[in-house]
Structures are given as structure tokens and as C-alpha cells.
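Got a two-chain model open and wondering where all the labels come from? Let's go through some of them one by one.

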Amino acid sequence: MSPDSHSAPPPASPEDRLAAAEHALQALRSQQEVLAAGISHDLRAPLRAIGSYSSLIAERHADGLSEEGRDYLRRICEASSRMEGLIEGLLDLSHAARASLQARPVDLGLLADWSLTELRDATPGIDIEATVQPDLVALGDERQLKQMFDRLLDNACRFSGSEGAVRVEVSGKREGDRLHLQVRDHGSGFDMRYAARMFEPFQRLHPAEQGAGHGLGLAIVQVIVERHGGRVRAESRPGGGSVFHVELPAAPVAGDGA
Amino acid sequence: MNGREILLVEDSADDAELTRIAFAEAGIPNRLVVATDGADALDYLFGRGQWQGRDIDQQPALMLLDLNLPKLDGREVLQAIRGDVRTRGLPVVVLTTSVEPFDVEASYALGVNSYIRKPVDFGEFVSAVRQVGQYWLVLNQPRTAWSRATQP
């Protein structure tokens with residue numbers, strides 16, 4: 001027995017440390033769930049009141065206001081709908097990080113078409129011209145990958161200039177057990193010096209007047225892709241459009257013998 | 001449209017007023033009774049507390065239930081309603097801002113008839129309220145014990 005064997009506690013075994021870390025992780029997860037539920041209910045409730053009562057004033061009492069008063073009211077309505085988008089984004093980010101993933105073969109072309117249909121419904125003033133390559137089948141969670149397309153395509157349309165027309169291409173190819181997906185737009189592009197930063201939450205490369213959202217869309221994309229064991233990066237030059245490269249696990253091909 | 005009351009269980013006065021305006025805009029004439037917490041809602045249904053002496057044979061046509069409530073929350077209210085023969089058949093629609101999968105799951109497990117997220121946009125809220133009213137007060141055939149309704 002060594003002389004100092006009584007002075008220091010024996011180092012925790014790797015098993016004990018792992019169990020302690022798992023316990024701590026579990027505690028963090030449930031704390032995050034409580035926070036997300038709080039955001040979902042308690043932040044939304046006063047926001048509903050602000051948005052609804054200001055839109056009621058706009059509908060029923062606008063005549064009693066001066067031009068300046070109507071301008072202030074419009075700003076309140078717009079700010080409350082921006083905040084709703086922000087809360088939605090925070091919840092989606094939190095869900096993306098903690099929801100359990102159900103991996104199965106998913107037709108990405110169908111998901112992209114579905115996202116585009118919803119986007120066209122939501123933005124009737126913009127003419128979205130899209131080409132989507134068929135037969136891109138990834139292995140992943142359908143709901144989360146749909147969310148990924150929602151955010152990528154929304155991003156593509158947001159920065160596609162003001163001419164009222166947007167061109168987007170979704171394509172890809174399979175290499176072994178990986179699928180390389182590309183989402184290309186022909187919009188304003190971005191400065192490549194900031195290419196990594198745009199995936200961090202709340203980072204925006206454009207001012208609000210040029211279409212910037214709440215700065216969470218691409219962060220959500222990155223969380224979803226990384227939870228699938230994939231990678232995402234962006235490529236662009238200002239004025240020359242952007243390409244988002246997403247690498248995901250490919251679905252096993254029939255006859256792989258797996 | 002049957003003439004019975006709608007019981008709204010809602011702790012926020014802002015939201016209760018919005019719901020009242022939305023029902024008026026949607027053209028639903030039924031009287032809206034507001035209970036401000038879960039215990040008050042059960043008192044109303046069972047004729048206790050401040051509702052002592054209410055004729056509990058006249059139950060509401062529909063109950064709109066928020067989930068996060070003071071005293072007894074929405075899940076506990078549901079449990080109590082479904083556990084009592086007098087209220088087992090009452091149509092209950094959860095109307096809440098939460099879309100946490102956990103809340104949705106728990107509500108259906110406790111026997112809710114429908115789960116609706118309150119839209120933030122007031123116009124969408126009016127349209128949701130109109131559809132809820134159309135379905136539960138016009139289309140839906142309630143249990144016979146309930147349908148000795150007040151047709152004029």
C-alpha cells in the first residue's frame with residue numbers, strides 16, 4: 001500500500017463518471033423541456049393579447065386615430081408578428097435538439113416539393129420557380145428533414161431579390177452510403193468570410209430591410225443535419241446566389257444485402 | 001344552434017375577452033360562462049362553491065379548457081370530468097397556446113374530444129372559433145341525456 005493511499009479518495013472509475021455525466025445530461029434535458037413549455041405557453045399568451053388587441057384597434061377604431069397613430073399601431077402589429085416568428089423558431093430549435101429521431105428511408109424530393117407548396121401558399125406575391133431532382137432517398141427522420149427543407153427554402157426565397165421571382169434548384173447524388181444534397185438559389189448571396197457564422201443562432205448577415213428573419217433558420221438546419229450524423233456548409237459570392245451543401249446518410253439500396 | 005351555455009375555463013382576462021369577441025364575430029349566440037381556474041370550473045359543473053344551487057341538470061353544450069390554470073390545471077379538470085357520470089359525456093375542447101407533444105398526448109389520454117392551438121393571429125382565431133362552434137353546437141349529435149335541449 002502506498003503511503004498516501006489514505007489522504008486522497010480513489011479516483012472515480014470511468015463507469016461512475018459516465019453515470020454521473022448521464023445523470024447531469026438528463027437533468028439538463030428536463031430543465032430544457034420545462035423552459036420550452038414555458039416559452040410555448042407563457043410567452044405566447046401576452047403576445048397574443050398584444051397582437052390581437054392591436055389588430056382589433058386597426059380593424060374597428062382606425063378612424064379615430066391620426067395618421068401618426070395608425071403608423072405606430074402598424075409598427076406594434078408588425079413587431080408582434082416578428083416576435084411570434086421568433087418564438088416559433090426558438091421552439092423549433094429546441095425540438096430539433098431534443099426530439100427523438102425515427103430513422104427510415106425518406107424521399108427528399110417529395111419533402112422539398114411539400115415545403116415549396118407551403119412556401120408558395122404563404123407568400124402568394126412571390127413567383128417561386130423550382131426544379132427538384134427525383135429519387136433522392138436519405139435515411140432519417142421525416143418530420144425533421146421536412147423542417148430542414150422548410151428552413152433552407154425559406155432562406156433561399158428570402159434573399160432572392162425584390163423582382164418577385166425566385167429560382168431554386170434541389171439536386172443531389174449518392175456516394176456509397178452518403179447522400180450529397182444541394183439547395184441552390186440565385187439570390188443576393190453572401191460574403192464567404194461569414195460562411196461559418198451564419199449557422200449560429202441569432203447571427204444575421206443582412207439587415208431586416210433586405211429580408212433577414214430572426215436568425216434561427218440556419219441554426220435549426222445545422223442542428224437537424226448534425227443530429228443525423230451529417231454536415232452542412234454554404235458557398236456563395238455576393239450577387240451570385242448561394243449553394244447549401246448538405247451531407248446525410250443515404251437509404252440502403254434494395255439488394256445491398258444488408 | 002342550440003341555446004345552451006359554453007363554459008370557458010381561462011385564467012387570463014385578456015384571453016377570455018378575446019374569446020368573447022371572437023364568438024361574437026363568428027356569430028355564435030350561446031352565452032359564454034367564464035371560470036377562472038380549474039376548481040371554479042368543477043364548482044360550476046357540480047353546483048358547488050360560488051355556483052351552489054345551480055341546476056346541474058342544465059350542463060353546458062361545450063367546455064373550452066385551457067391547460068395551464070391556477071389551483072387545478074386542465075389535466076386534473078379533465079380527469080375529474082371524465083371520472084363522474086354526470087359530466088362524462090360533456091364535449092371538452094382544449095384551447096391552449098401550447099403545442100408541446102407532451103400536453104397533446106396527456107390531454108387525449110385523459111379523454112379530451114379535441115385539441116386546438118389558439119392561433120396568435122386574431123383573424124385565424126375567429127375562424128377557429130367559428131369552426132369549433134359549427135361542429136360542436138350544430139353538427140355534432142350529443143348524447144341523449146344531454147339532448148333534451150332547449151329548442152325554441
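What follows is a set of questions and answers on this predicted model.

Q: What makes A:Ala165 count as exposed?
A: A:Ala165 has 12 C-beta neighbours inside 10 Å, so exposed is the label. The residue sits in strand β4 (residues 165-175) of chain A. Leaving out neighbours within four places in sequence, A:Ala165 is in contact with A:Asp127 and A:Glu129.

Q: Why is B:Lys71 called partly exposed?
A: Buried needs 20 or more C-beta atoms within 10 Å, exposed needs 12 or fewer, and partly exposed is what lies in between. B:Lys71 has 14 such neighbours, so partly exposed is the word for B:Lys71. You'll find B:Lys71 in the loop between β3 and α3 of chain B.

Q: What is there to say about the phi of B:Lys71?
A: Phi is positive there, about 60 degrees, although B:Lys71 is not a glycine. Chain A has a case to look at as well: A:Asp135, not a glycine either, has a positive phi near 60 degrees. A:Asp135 lies in the loop between β2 and β3 (137-140) of chain A. With 9 other C-beta atoms within 10 Å, A:Asp135 is exposed.

Q: Why are β2 and β6 of chain A said to stand at the edges of their sheet?
A: The open sheet has 5 strands in the order β2-β4-β5-β7-β6 (chain A), with mixed pairing. β2 (127-132) and β6 (231-236) each have a single partner strand, so one side of each has no neighbour in the sheet. On average, neighbouring strands here are turned by 15 degrees against each other, direction ignored.

Q: How do you know that β6(A) and β7 (residues 242-249) of chain A pair?
A: At least two bridges are needed for a pair, and these strands have 6, in the antiparallel sense. One place to look is A:Glu235, whose bridge partner in β7(A) is A:Val243. Helix α5 (residues 217-227) of chain A lies across both strands, running at about 140 degrees to β6(A).

Q: What makes β4 (residues 92-96) of chain B mostly covered, and which strands pair with β4(B)?
A: 4 of the 5 residues of β4(B) are buried. Strand β3 (residues 62-65) of chain B pairs with β4(B) in the parallel sense over 3 bridges, with B:Leu64 opposite B:Val93. The chain gets from β3(B) to β4(B) through helix α3 (residues 74-82), in a right-handed β-α-β crossover. Strand β5 (residues 114-117) of chain B also pairs with β4(B) in the parallel sense, over 4 bridges. There, B:Val94 has B:Tyr115 as its bridge partner. The chain crosses from β4(B) to β5(B) through helix α4 (residues 101-109), and this crossover is right-handed too.

Q: How do domain 1 and domain 2 of chain A sit relative to each other?
A: Domain 1 covers 14-98 and domain 2 covers 104-249. Their centres, taken over C-alpha atoms, are separated by 24 Å. Contact means C-beta atoms within 7 Å, and by that rule 8 residues of domain 1 touch 11 residues of domain 2.

Q: Which elements of chain B touch chain A?
A: In total, 15 residues of chain B are in contact with 14 residues of chain A. The elements of chain B that give two or more residues to this side are α1 (13-25) and α5 (122-139). α1(B) gives the most, with 4 residues.

Terms used: Residues numbered from 1 in each chain as written. Chains lettered and ligands numbered in written order. Predicted model: local features only at pLDDT ≥ 70, side-chain atom pairs only at ≥ 80, totals over all residues. Axes fitted to C-alpha atoms, helices over the stretch in contact; angles between N-to-C directions. Contact = placed C-beta atoms within 7 Å. Right-handed = clockwise from strand over helix to strand, strands pointing away. Domains from an automatic or database assignment.
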